[in-house]
Amino acid sequence: MHTIEQLRESAAKLKTIGIDFEAVSTTGKPSDAKDAWKAKPTIISIATKERVGVFSIDEESIAFYRELLENPDYVVLVHNAAYDFVLAHVSGVMDFSTVKAHILDTMILCWAFNED
């Protein structure tokens with residue numbers, strides 16, 4: 001695994017990153033972790049072509065997440081972006097009015113190329 005600083009350097013060079021959250025239920029019902037309105041993020045993974053990092057949700061990882069998504073030079077790949085973005089918004093990780101990066105949702109892209 002790589003550090004945030006190593007990922008920052010790689011992201012700055014490559015301009016394309018992948019992001020994913022893992023979450024747990026806030027209601028005590030495990031299946032509610034699949035509902036972004038009833039979940040809270042616990043782990044974030046961030047990857048470039050060269051590096052991968054998995055981080056607990058803390059001030060440093062949240063600041064890095066915001067730094068990446070607020071940069072209009074970056075392309076951010078997310079699988080099921082609606083879930084991750086609602087999760088981040090509801091939990092206070094990020095206000096999405098500040099997102100400037102270009103978002104590509106791999107779930108939507110997969111469907112667009114093969115709707116079966």
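## Aromatic pairs

The structure, a predicted model, holds two aromatic pairs, where rings of Phe, Tyr and Trp (its six-membered ring) pair if their centres lie within 6.5 Å. Phenylalanine 85 and phenylalanine 96 form a tilted pair, 4.9 Å centre to centre with 35° between the planes; planes under 30 degrees apart count as stacked, over 60 as edge-to-face and the rest as tilted. This pair links distant parts of the chain: phenylalanine 85 belongs to helix H3 (residues 81–90), and phenylalanine 96, eleven residues apart from it, to the loop between H3 and strand E5 (102–105). Helices (H or I, at least four residues) and strands (E, at least two) are DSSP runs, numbered from the N terminus.

Phenylalanine 85 is buried, with a relative accessible area of 15%, whereas phenylalanine 96 is partly exposed at 22%. Buried means under 20% relative accessible area, exposed over 50%, and partly exposed in between (1.4 Å probe, protein chains only).

## Basis of the model

Residues are numbered from 1 along each chain as its sequence is written, and side-chain values use heavy atoms, with hydrogens and water left out. In this predicted model, local features need pLDDT of at least 70 and side-chain atom pairs count only at pLDDT 80 or more, while totals for chains, interfaces and linings use all residues.

## Parallel strands around E4

Strand E4 (residues 75–78) runs parallel to E5 and is joined to it by four bridges; two strands pair if DSSP finds at least two bridges between them. Valine 78 stands opposite aspartate 105 in E5. The chain crosses from E4 through H3 to E5 in a right-handed β-α-β crossover, meaning that, with the strands pointing away from the viewer, the path from the first strand over the helix to the second runs clockwise. Leucine 77 is placed opposite leucine 104 in E5.

Strand E1 (residues 16–25) also runs parallel to E4, with three bridges between them, and threonine 16 stands opposite valine 75 in E4. Valine 75 and glutamate 9 are 66 residues apart in sequence and 15 Å apart in space, C-alpha to C-alpha. Glutamate 9 lies in helix H1 (residues 4–14) and counts as exposed because its relative accessibility is 51%.

E2 and E3 form a hairpin with four residues between them. These strands run antiparallel and are joined by five bridges, with serine 45 opposite valine 54 in E3.

Isoleucine 43 lies in strand E2 (residues 39–47) and counts as partly exposed because its relative accessibility is 33%.
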